[in-house]
Amino acid sequence: MVEGLKEYTISCKGLKNGASTYSFLLDNDFFSQWEESEVLSGEVRAEVELIKASTSLHLSCHIEGCVVVECDRCLEPLTIEISGDSESDSTFDGSTEENEGVVIDSVEEEIQLADYLYQSVLLSLPYSRTHASTEECNPEMLAKFKIVTEEEFERLTASEGSLAESPEAAKLAELKQMLENKE
Ligand SMILES: [Zn+2]
């Protein structure tokens with residue numbers, strides 16, 4: 001368990017039978033614990049309810065907030081609102097000879113929620129992660145990936161006339177030429 005994720009751990013020792021609720025904030029520190037994470041940063045509130053019975057644990061979780069991911073189209077940062085619900089059931093192991101049946105050996109047990117919460121965030125991400133329209137995307141990146149049509153590219157670079165002398169405009173014109181040659 002990574003040091004920075006200890007606050008997302010619940011000790012079973014103090015957990016009574018019945019329902020208990022917890023609230024967690026998944027912030028930039030949280031998301032930075034996963035290397036090469038799809039989630040670059042974020043602020044997500046997680047409400048967790050645990051219902052403990054003698055040998056089982058039911059967990060339900062609601063997450064809501066904003067995360068920053070890469071736009072699939074232009075690779076620039078994209079903020080998206082997420083919300084989602086998930087549930088999980090666990091069974092406790094352990095038994096003692098003094099009691100009939102299986103009991104919860106809760107002394108050493110703890111519930112580590114960090115991975116679960118992180119996966120819940122990933123599962124709540126939309127399948128398509130792009131800026132709302134190509135106009136919000138970085139036009140140079142779009143041209144580089146040849147994702148836009150020629151017409152769209154011309155519209156996105158319509159102002160290039162006024163920038164004709166800049167090296168950026170020359171580069172765009174070159175890319176445009178490449179797109180035309182590809183036809
Ligand atoms: Zn984009």
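The largest nonpolar core of the protein comprises 20 residues, and Leu-26, Val-44, Ala-46, Ile-63, Val-67, Leu-117 and Val-121 have the most contacts inside it. A nonpolar core is here a set of buried Ala, Val, Leu, Ile, Met, Phe, Trp, Tyr and Cys residues joined through C-beta atoms within 7 Å; a residue is buried if 20 or more other C-beta atoms lie within 10 Å of its own, exposed if 12 or fewer, and partly exposed in between, with C-beta atoms placed from the backbone. At least two residues of this core come from each of α1 (28-31), β3, β4, β5 and α2. The model is a predicted one, in which local features need pLDDT of at least 70 and side-chain atom pairs count only at pLDDT 80 or more, whereas totals for chains, interfaces and linings use all residues. Residues are numbered from 1 along each chain as its sequence is written.

Five helices and six strands make up the secondary structure, where helices (H or I, at least four residues) and strands (E, at least two) are DSSP runs numbered from the N terminus. Their order along the sequence is β-β-α-β-β-β-β-α-α-α-α. Of the 183 residues, 17% count as buried.

Four strands form an open sheet in the order β2-β3-β4-β5, with antiparallel pairing; two strands pair if DSSP finds at least two bridges between them. Strands β2 (18-26) and β5 (77-91) are the edges, each pairing on one side only. On average, neighbouring strands of this sheet are turned by 10° against each other, direction ignored. Strand β4 (residues 56-70) runs antiparallel to β5 and is joined to it by 15 bridges, and Glu-70 has Pro-77 of β5 as its bridge partner.

Helix α2 (residues 114-124) lies across β2, β3 (41-52), β4 and β5, at about 125° to β5. For such angles, axes are lines fitted to C-alpha atoms, for helices over the stretch in contact, and values run from 0 to 180 degrees between N-to-C directions. Ala-114, Leu-117, Tyr-118, Ser-120 and Val-121 are the buried residues of α2. These residues lie on the same side of α2 because they cover an arc of only 155° around the axis, the arc being that of the directions from the helix axis to the C-beta atoms. They pack against β2, β3, β4, β5 and β6 (110-112), while Asp-115, Gln-119 and Leu-123 are exposed on the other side of α2.

Ala-46 touches Phe-24, Leu-26, Cys-61, Ile-63 and Leu-117, not counting residues up to four places away in sequence; two residues are in contact if their C-beta atoms, placed from the backbone, lie within 7 Å.
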